[in-house]
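Please read them with the structure open.

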Amino acid sequence: MKRICIVIFLIFGIVEVLLAENYKPVIEKVILDPDIVSLGDSVVISAKVNHPLGLDYIKKVGLVIYHGRWVSVYPSLYDDGTHGDKIAKDGIYSLRIKAEEESKEMKIVISVVDRDNNEVQSEPVILKILKII
């Protein structure tokens with residue numbers, strides 16, 4: 001009887017692990033508003049995020065900006081109607097930042113972590129900062 005219980009536990013444990021692997025966050029879309037910005041202007045960076053277990057299962061949404069040899073890390077995007085987010089609790093996480101004062105392209109990568117610490121990253125998107133006359 002003890003062996004049967006252990007085998008059943010192992011089988012259910014493996015099934016649970018396999019199911020947990022299928023429940024990862026999903027980044028549906030990354031939005032730059034605007035996607036071309038003038039020197040020093042603000043831009044809202046947003047990500048439409050989802051999770052098979054619901055939005056409450058999202059723990060953290062952040063972003064990394066690569067510009068030249070420099071990297072800027074923003075650990076929190078918001079889905080609460082602040083920081084450039086338009087509507088609270090709609091699955092669109094946003095952050096308003098100020099563009100740099102020189103013309104360049106910046107590569108942006110969104111990162112999402114769920115309550116099980118599963119992490120996914122977006123494909124890079126490019127923000128163009130131009131001197132617009």
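**Notes on the model**

1. Salt bridges. The count comes to three salt bridges, a salt bridge being a side-chain nitrogen of Lys or Arg within 4 Å of a carboxyl oxygen of Asp or Glu. K104 pairs with E100, with 2.8 Å between the closest N and O atoms. The side chain of K104 also meets that of E102, at 3.9 Å from N to O. Through shared partners, E100, E102 and K104 are joined into one network. E102 counts as partly exposed because its relative accessibility is 46%; the class lies between buried, under 20% relative accessible area, and exposed, over 50% (1.4 Å probe, protein chains only). K98 forms a salt bridge with E101, the closest N and O atoms being 3.8 Å apart, and both K98 and E101 are exposed.

2. Basis. This is a predicted model, in which local features need pLDDT of at least 70 and side-chain atom pairs count only at pLDDT 80 or more, while totals for chains, interfaces and linings use all residues. Residues are numbered from 1 along each chain as its sequence is written, and side-chain values use heavy atoms, with hydrogens and water left out.

3. Confidence. The mean pLDDT of the protein is 88, and 84% of its residues reach 70 or more; pLDDT is the predictor's confidence in each residue, from 0 to 100. Confidence is lowest in helix α1 (residues 2-22), with a mean of 49, and highest in β3, at 98. Helices (H or I, at least four residues) and strands (E, at least two) are DSSP runs, numbered from the N terminus. Over residues 2-10 the pLDDT is below 50, and this stretch has zero contacts in the model beyond near neighbours in sequence; a contact means heavy atoms within 4.5 Å. Where pLDDT is low, the predicted coordinates should not be read in detail.

4. Core. Which residues have the most contacts inside the largest nonpolar core? They are I45, V61, I108, I110 and V112, in a core of 24 residues. Two or more core residues come from each of β1 (26-33), β3 (42-50), β4 (58-67), β6 (92-98), β7 (104-114) and β9 (125-130). A nonpolar core is a set of buried Ala, Val, Leu, Ile, Met, Phe, Trp, Tyr and Cys residues joined through side-chain atoms within 4.5 Å.

5. Backbone. Most residues other than glycine have a negative phi, and most peptide bonds are trans. The peptide bond from D33 to P34 is cis, with omega near 0°, and P34 is found in the loop between β1 and β2 (36-38). H83 is not a glycine but has a positive phi of about 55°. H83 lies in the loop between β5 (70-74) and β6, and counts as partly exposed because its relative accessibility is 41%. K89, also in the loop between β5 and β6, has a positive phi of about 60°. At 68% relative accessibility, K89 counts as exposed.

6. Surface. I36, L130 and I132 form a nonpolar patch with about 250 Å² of accessible area together. I36 lies in strand β2 and is partly exposed, at 39% relative accessibility. Patch residues have over 30% relative accessible area and no salt bridge, with nonpolar side chains (Val, Leu, Ile, Met, Phe, Trp, Tyr) joined within 5 Å and like charges within 9 Å. Accessible areas come from the Shrake-Rupley method with a 1.4 Å probe.
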